[in-house]
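Here is a short briefing on strands and salt bridges. Keep the sequence and the 3D view side by side as you read.

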Amino acid sequence: MSTEAPLQIDVVDSHTEGEPTRVVIAGWPMPEGATMAERRDQMRRHADHLRRGVVLEPRGHDAIVGALLTPPVERGSAAGVVFFNDVGYLGMCGHGTIGVVRTLEFLGRLSPGRVALDTPVGTVSADLDADGTVTITNVPAYRHAADVSVHVPGLGTVRGDVAWGGNWFFLVDHGEPALTADNIPELTRLTTRIRDALHAQGITGTDGAEIDHIELFGAPTVPGADSRNFVLCPGAAYDRSPCGTGTSAKLAVLHERGKLAPGQHWTQESITGSTFTGWLEQTGGRLVPHIRGRAFVTGRSTLRFDPADPFRFGWRNA
Ligand code: PYC
């Protein structure tokens, strides 16, 4: 992989139920590696300036999730994909996968039907319907620990479950402040303090994995939804969609609590009022989440990297 900075990178922007995805379609030097995890690690070592340049200000903002398409690593997959955001790399990304599928359709590379995509945490598949709706079949989800107490300084004890849905989540049944758009700054502060406390107290996912997403749940507000959430992503941005990997983790927790049977639908509302519908399939003792939602292409552009521009690789206030 060349470490020289390209002068331009082509991207397609979309949003999935409100959450943006920026798919890189040309110009980024291809990472090498036999697995997607190796390719992600090579990007982290040699191309992190491109991650920053593509998603951060002045070209982007902290809510954008980027997606680099690569050749597949598994037979039968259409492509590989590495998701990244303003602070680093994601294992999987549910809203991002829906955005990638709609982007491939927009580019004329995909028609309605099934497509498999390789990610650093495993191969996922997606079904594109004729009306543009996408249903992803995620990597298996599971609850790692139930009713974990974390002491949050100044707040007291917060209880939640640790679960995997393609990323690591701490899931909390939440009371006050209400999960409303007006309260987003306060909810961001609250979830950041919970995440800091988890780190400080050494509470992790499997094999010491960092829990970098915090998910609060409350009563739904839109007809047909079962619950509303607020999801803090790695960094300080919140998910405008109900979060595909977060909804996957929630389905696994509900199942373990005896509240969701395989095949039973769960409609998760986001802080913006958008929804995903998800359900679990139980195969070979594993819980495989399916998440359905919509994405819309919002633009196609060429990002320019002027060597004279001091902010060409982005700026972040942190
Ligand atoms: O949809 O899985 C998701 C996701 C993760 C971070 C932002 N969105």
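Begin in strand S14, where Gln268 is the bridge partner of Ser227. From S13, the chain passes through helix H5 (residues 244-256) to reach S14, and this β-α-β crossover is right-handed. Right-handed means that, with the strands pointing away from the viewer, the path from the first strand over the helix to the second runs clockwise. This is a predicted model: local features need pLDDT of at least 70, side-chain atom pairs count only at pLDDT 80 or more, and totals for chains, interfaces and linings use all residues. Residues are numbered from 1 along each chain as its sequence is written, and side-chain values use heavy atoms, with hydrogens and water left out. Helices (H or I, at least four residues) and strands (E, at least two) are DSSP runs, numbered from the N terminus.

- S13 (residues 227-232) is largely enclosed by the rest of the structure, because 6 of its 6 residues are buried. Buried means under 20% relative accessible area, exposed means over 50%, and partly exposed lies in between (1.4 Å probe, protein chains only).
- In a regular strand, side chains alternate between the two faces of the sheet.
- Both faces of S13 are covered. Ser227, Asn229 and Val231 are buried on one side, and Arg228, Phe230 and Leu232 are buried on the other.
- S13 pairs with S14 (residues 266-269) in the parallel sense, over 2 bridges. Two strands pair if DSSP finds at least two bridges between them.
- Strand S12 (residues 213-218) runs antiparallel to S13, and 5 bridges join them. Here Leu232 in S13 is the bridge partner of Ile214.

**Strand S2 and its partners**

- S2 (residues 19-26) is mostly covered, with 7 of its 8 residues buried.
- Strand S1 (residues 8-16) and S2 run antiparallel and are joined by 7 bridges. Val24 in S2 stands opposite Val11.
- The hairpin of S1 and S2 has 2 residues between the strands. In this hairpin, Glu17 takes a positive phi near 50 degrees.
- S2 also pairs with strand S3 (residues 65-70), in the parallel sense and over 4 bridges. Gly66 in S3 stands opposite Arg22.

**Salt bridges**

- Side chains of opposite charge can pair when their charged atoms come close.
- How many salt bridges does the structure hold? There are 12. A salt bridge is a side-chain nitrogen of Lys or Arg within 4 Å of a carboxyl oxygen of Asp or Glu.
- Arg22 forms a salt bridge with Asp13, and their closest N and O atoms are 2.8 Å apart. Asp13 counts as buried, at 14% relative accessibility. Arg22 counts as buried too, at 7%.
- Arg102 and Glu105 meet in a salt bridge of 2.6 Å, N to O. They are 3 residues apart in helix H3 (residues 94-106), so about one helical turn separates them.
- Is Arg102 buried or exposed? Its relative accessible area is 18%, so Arg102 is buried. Glu105 counts as partly exposed, at 24%.
- Asp147 forms a salt bridge with Arg257, with the closest N and O atoms 3.1 Å apart. This pair links distant parts of the chain, 110 residues apart. Asp147 is in strand S9 (residues 142-152), and Arg257 is in the loop between H5 and S14.
- Asp147 is partly exposed, with a relative accessible area of 40%. Arg257 counts as partly exposed, at 36%.
- Asp147 and Arg257 belong to a network of salt bridges that also links Arg159 and Asp161.
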